[in-house]
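Hi,

Here is the structure I promised to pass on. Have a look at it first, and then read my notes below.

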Amino acid sequence: MIGSQYMLRSLPEPLTGLAELAIDTRWSWNHASDIIWNMIDAELWEATGNPWFVLESIGKNRLAELAEDELFLQQLKEQLSRRAEAISRFPWFAMSHGDVNLGGVAYFSMEFGLSEALPLYSGGLGILAGDYLKTAGDLGIPVFGIGLLYQQGYFRQAIDTTGKQTEFYPYNDPAILPIMPLRDDDDNWVKVEVALPGRVLSLRAWEVVVGRIRLYLLDSNTPLNSPSDRGITEKLYGGSHEVRLQQEIALGIGGWRLLESLGINCEICHLNEGHAAFAVLERAASFAKENNTSFITALTCTRAGNVFTTHTPVDAAFDRFPVELFLHYSHSYAENIGLQSHDLLKLGRSESDSDNAPFNMAYLALQGCGVVNGVSRLHGQVSRKIFQPLFPRWPELQVPITHVTNGVHMPSWDSAIADELWTDTCGKERWHGALETMEEQIGGLSDLELWTFRSDNRQALIDFVRRRIVQQRQSMGLAGGKDSACGNAVLDPNALTLGFARRFTSYKRPNLLLHDPARLTAILSNSERPVQLIIAGKAHPRDTEGKAMIHQWINFTLRPEINGKVVFLQDYDMEVASRMVQGVDLWINTPRRPWEASGTSGMKVLVNGGLNLSELDGWWAEAWCTEVGWALGDGRQHDHDTAWDAIEANCLYSLLEEDIVPTFYNRDEHGIPNLWVARMWASMSRLTPQFSSNRMVREYVEKLYLPALKAYGRRVTDKGRRGEEIVKWRRKIAAHWPYLHFGRLRVESNESEHYFHVPVYCDDLNPAFIQVELYADPESGGQQAECLRMEPGEPLSGTVNGFIYQLRVEARRPASEYTPRIIPWHDLAAVPLEDQHILWYR
């Protein structure tokens, strides 16, 4: 029985199935088994939400009682049956792509947010990774997660009696986390080794069960390592540049070695941000050794199966390592894989970088992958600008970065009330298919049903907040901390409830609502149309500005005129987040455009009937229309313009005063705000399917993985022969490119067409290795450039390898808008991703 062999004590025979339920983190999104843990120890379950901890904590007498409790045993049998049914279900991937031979997708991420019981995340990147794994399991995609097991993870927050943030780092005790040591066939604990300067780092492997999916975690905290090396996996995003580099070596190199040691063949390697980019090097090194090829050939072959998702909206946020530090850690590794250090450095630099430029991990990821994507349509545009230095002379819009907009795992974020409503309307299997009929199905709900649903969700949130406030006062040692009346005096279950929960940092502008405290106070203190606000969020321990903004909010909550109407919930985590997105009526998001790569918090309110008021940034820039919510901003970039911040703050207040609050309180004879409910229906039915991780993961499969699998298969056959062909092609391009040139362009035009013809001199380069095009920028309002292939005519007399290239074009636009250019061409190569040469006429 999975899990039982790793418990600290044995279970009575009738209860052995409990270990199977407890170790599978499926309980983090499927709450049918909650009744089991509540029956075992309701207080412990409420306090921890961790079945494994509950199971390890109860005594023998209680276990003996449960082993004879027929009602409990019946519940256990039912839950085990449900789990077996869910795992054996014929999934979407098998039904839709059963003919595809996909051995596996290796999904690397620095953090994973599966549950508060396994705190290995700091924010959106980790939550997205957790939602991705859960969804891959729902859809039956063979994914293997690779991450690190942190001894302390990210910090926990408290607010002291002066209103300031303090940080704590509780120890993640593996004995009470829902994880297992990863064992080989001989029951040995699986370990991998990675060379560090002058020593070898030993990494233990752990296994997390996520339904059908397995997440593998590496951990340096073993006595085989020195005390300093044991601390490499101490904290998520903690420590110096050197520790961060050590972590990324462990994740990328150690992670790929772990997969190989387990015999797992993953044709697709997906990097969730650039932290794990060393994996592309290790994958190539392994291929080179196995197939007796050069490293460059191996990288050319394997990169076709590598996918890089960038979440970063600003260049400054990329991980960079000083060149001396990077070479200290990479020099021997480069030699071992057959690469000169200067060639390795090129993989983390742009053409214009100096010899002292730091090594950029995002550049390594891009130059080691065959597909690159941003996480929203707008972020795709931003990313093309950020990575433009790697593609000099190429138009920004042709920088080879696509996008797959993020989505969220709706079953992880819907309330029990929401789950019941969606199950009744769309069925319990609704998130396991392609979602085609969901909008139509949810459309049958009445206004009364939707409004009752919304009100019940709000009440559940307020009940949670009131309990939480009592706990916060107790932890702060404040008077009345043990008195539940203190909590009951907070919030009104019938008032319009706003929510704001983010990382407190300047670009997210968490204090935009506080721009005019008096005006905000007036909105909140209107007795006829009451409004209340729930806030949560952490500032990075070194972000003094972010901490100051938290302090401002804490002080604001103490104003007597808004007593009980504004609440700051401490220690923002997955539990607080889920309760807030389930219960708030309106989710507010105020980032500085375009610095919100995607944002997913607002997506989580959709399934729960909440609405959004957000800056036109990230996902909301493509989701918003007037029927589904409210928007801030003019869709332009204003950087750190304080005057514009003031304009947007005024718009925020005006929207609340003149539109949002009146819409919420304009009721019919039955007390239902019909216009508000109409927006709820539109938001739920249109946006919930569109911004679910079900859509996102299916898009990754069909848009990125399957084409990458095909390209990878072509290159690696016959020990990488086609990859070697591409390497030789690139060398010939590099050798002859300086000598390619155009002759004089001639254009003949009439009313219907333009006739372009231009001499091209190819030096000794095979003309089949290039493509001559006519290029024109997108027409006004368009997104797509025109790239028209010119055909070679007869060879130019008296020349070596010279040809007239020609093309007739419909005269829809002036001939002057077209420019000839030469680019490399190979039937298997991705240009410009794999070769950035380009030659323009003039």
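Which residue in β31 is the bridge partner of Arg821? That partner is Trp840. Before the rest, some ground rules: this is a predicted model, where local features need pLDDT of at least 70, side-chain atom pairs count only at pLDDT 80 or more, and totals for chains, interfaces and linings use all residues. Residues are numbered from 1 along each chain as its sequence is written, and side-chain values use heavy atoms, with hydrogens and water left out.

**The sheet**

Helices (H or I, at least four residues) and strands (E, at least two) are DSSP runs, numbered from the N terminus. Two strands pair if DSSP finds at least two bridges between them. β30 (residues 819-824) and β31 are joined by 2 bridges in the antiparallel sense. They belong to an open sheet of 4 strands, antiparallel in its pairing, in the order β27-β26-β30-β31. At its edges are β27 (786-789) and β31 (839-840), each with a single partner strand, so one side of each has no neighbour in the sheet.

I call a residue buried under 20% relative accessible area, exposed over 50%, and partly exposed in between (1.4 Å probe, protein chains only). Contact means heavy atoms within 4.5 Å.

In α4 (residues 60-67), the buried residues include Leu63, Leu66 and Ala67. Seen down the helix axis, the buried residues of α4 fall within an arc of 100° (taken from the directions from the axis to the C-beta atoms), so they line one face. They pack against α2 (34-48) and α5 (70-88).

Helix α17 (residues 416-426) buries Ala418, Leu421, Trp422 and Cys426. These also sit within an arc of 100° seen down the axis of α17, so they line one face of that helix. Turned away from the buried side are the exposed Ala416, Glu420 and Asp424. The buried residues of α17 pack against α18 (438-442), α19 (447-476) and α27 (674-690). Just after α17 comes Gly427, with a positive phi of about 90°.

**Two single residues**

His97 lies in α6 (residues 92-97) and is buried, at 13% relative accessible area. Leaving aside residues up to four places away in sequence, His97 touches Trp92, Val701, Glu702 and Leu706.

Glu699 is in α28 (residues 693-736) and counts as partly exposed at 24% relative accessibility.

Cheers
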